[in-house]
Amino acid sequence: MTQEELFKVLVAHCKEYGFIFPSSEIYDGLAAVYDYGQMGVELKNNIKRYWWEAMTRLNENVVGIDSCVFMHPKTWVASGHVAAFNDPLIDNKDSKKRYRADVLIEDYLAKIEEKIAKEVAKGRKRFGDSFDEAQFRATNPNVLREQAKYDEVHNRYKAAEDANDLAAYKQIILDCEIVDPISGTRNWTDVRQFNLMFSTQGSNTGSADDVLYLRPETAQGIFVEYLNVQKTGHMKIPFGIAQIGKAFRNEIVARQFIFRMKEFEQMEMEFFVRPGTEMEWFEKWKENRMKWHVALGMGAENYRFHDHEKLAHYANAATDIEFNFPFGFKELEGIHSRTDFDLGNHQKLSGKKIQYFDPDLGESYVPYCVETSIGVDRMFLAVLSHSYKVEQLGGGDSRVVLGIPAPLAPVKVAVLPLVKKDGLPELAQEVVNEIKYDFAYQYDEKDSIGKRYRRQDAIGTPFCVTVDNDSLVDRCVTVRDRDTMEQVRIPIAELRSMIERKVAMANLLRNI
Ligand code: GAP
């Protein structure tokens, strides 16, 4: 299966097993908006709990808040979002569809890269063990031609991006003869900047200055509450404020499933530090956040840092943690050293003094800030795409299993009476009563035991507990492990501690 096919299968699996549904599907859906189903919400909540507990429990100086989606409109002037939170968009006059100009160009570049990769693969096949990729790339005429084309367009694209030159974007699209994937034509409008913030009216007056924005990041809720939290929590710098919440962006590129959505959730932490110490903290948080990811056991090789060469105007350092998604390494989390840009601007615009008196220095300053920012939905996609496996079992049989890290699994244990009679359902209910206060569980008595195992594998349940006739006598049950499919027989009285050992969130937290 190619990675693209795998991704399609994963999207279908998410729907079939109640993880993710397209929003408003009975009305044919809404682009780039998705709902989480009965399994999805459990997995999502567990991801959020893993982050929240890692942030607020493992760091004595990080506390959490929950601020509102709506904020005073001046917030978004101070943050720079009103002036600069834009995407360069272009319309095709025939299909009437709108695209991100930068994405059209990036897709074009990706196609050239694909062509080069195909040439290299052909060369490898032809030359076998003696294949020298570096030499092949330096000498093969097809590769050289494509690489030259790539470099030329890439350089022009970066220059257009740096200069924010919208006419240059359009010229690249025309020169590269990029066509609309729907109409197939090159009948493009000029490129224009569109602000990504959704807005609505705050009251019924309808006046222009009464506009309310749906927050495009949760971070600003933290900045405007900085003073309240610092004072009421008697926080001493360095300290952090964490928050999980919805954010909204009018994303035009509606592909890649939940990777890029209009309504999504962020887990952000702003860490306030003494000016001049921000680089040290930036490095510490890079390391800390990578450990959080790797502790999940999804393979350290599937993560990498991507340092930003071009920094946003407010940042003096920035890196992404990229994950190996089915469509390649892409941004999962951002870590930014934001200087005093946000607090400083809020101080200016609000007229309120936002400063910290540092008792060790005997002076006041606007704190600097290091931010860690991860999308819940992207994390969800990372976990699911890594977990999805089709395993051959021999004899032509196979199973689909989600190897979700056990503490994140939506259902921890399934209780299955072997048959629906002879007192087995009653004993199974006793088992349920034994575990239901500690673990998310499912009770299932429908279909053969094999089919029930497959259903649990498909949603990633770490343990299946089968109650059989012997259980009535020896008060033992058979516990099947999702990953190894091995079965052990244990007393019902020991079930809770056995499950706990594998699914406790503390296991993950201890690994960080
Ligand atoms: N406060 C900084 C900030 O918002 P960002 O890089 O724009 O930075 C941070 O976003 C993270 O939020 C990203 O790394 C990604 O995981 C997630 N994210 C951003 N836009 C998203 C979208 N449209 N859909 C899903 N997740 C998104």
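Leaving aside its neighbours within four places in sequence, which residues is Q456 in contact with? I will start there, after a word on the model. This is a predicted model, in which local features need pLDDT of at least 70, side-chain atom pairs count only at pLDDT 80 or more, and totals for chains, interfaces and linings use all residues. Residues are numbered from 1 along each chain as its sequence is written, and side-chain values use heavy atoms, with hydrogens and water left out.

Back to Q456. Its contacts beyond those neighbours are V411, A414, Q442, T461 and C464, where contact means heavy atoms within 4.5 Å. Q456 sits in helix α15, residues 449-459. Helices here are DSSP runs of H or I with at least four residues, strands are runs of E with at least two, and both are numbered from the N terminus. Q456 is buried, at a relative accessible area of 1%. Buried means under 20% relative accessible area, exposed over 50%, and partly exposed in between, using a 1.4 Å probe and protein chains only. The buried residues of α15 are R452, Y453, Q456, D457, A458 and I459. Just after α15 comes G460, with a positive phi of about 85°.

Next, the aromatic residues. The structure holds 22 aromatic pairs. Rings of Phe, Tyr and Trp (for Trp, the six-membered ring) pair if their centres lie within 6.5 Å; planes under 30 degrees apart are called stacked, over 60 edge-to-face, and the rest tilted. Take Y99 and W188: the ring centres are 5.8 Å apart and the planes stand at 85°, so this pair is edge-to-face. Y99 belongs to strand β5 (residues 98-100) and W188 to the loop between α8 (166-175) and β6 (192-195), so the pair ties together parts that are 89 residues apart in sequence. Y99 is buried at 14% relative accessible area, and W188 is buried at 3%.

A second pair is F271 with W281, which is tilted, at 4.8 Å centre to centre and 50° between the planes. F271 lies in strand β10 (residues 263-273) and W281 in helix α11 (residues 278-294), so this pair ties together parts that are ten residues apart in sequence. Relative accessibility is 1% for F271, which counts as buried; W281 is buried too, at 18%.

There is also an aromatic cluster made of F7, Y34, F257, F259, Y303, F323, F325 and F327. One of its members, F259, has R378 over its face, at 3.7 Å from the ring centre. The criterion for a charge over a ring is NZ of Lys or CZ of Arg within 6 Å of the ring centre and within 35 degrees of the ring normal. R338 lies over the face of Y314 in turn, at 4.5 Å from the ring centre.

Last, the ligand. How many residues surround the ligand? The count is 21, and the closest are E217, R249, M261, E268 and E331; a residue is included if one of its heavy atoms lies within 4 Å. β10, β13 (328-339) and β16 (368-375) each supply at least two residues of this shell. β13 gives the most, with six residues.

Now some individual distances. An oxygen atom of the ligand is 2.5 Å from an N or O atom in the side chain of E331. For R249, a polar side-chain atom lies 2.8 Å from a ligand oxygen atom. A polar backbone atom of F259 is 3.5 Å from a nitrogen atom of the ligand. Taken alone, the ligand exposes 560 Å², and the protein buries 92% of that; these areas come from the Shrake-Rupley method with a 1.4 Å probe.

Note on methods
A polar contact is a pair of N or O atoms within 3.5 Å; within protein, one must be able to donate a hydrogen and the other to accept it, and residues adjacent in sequence count only if both atoms are side-chain atoms.
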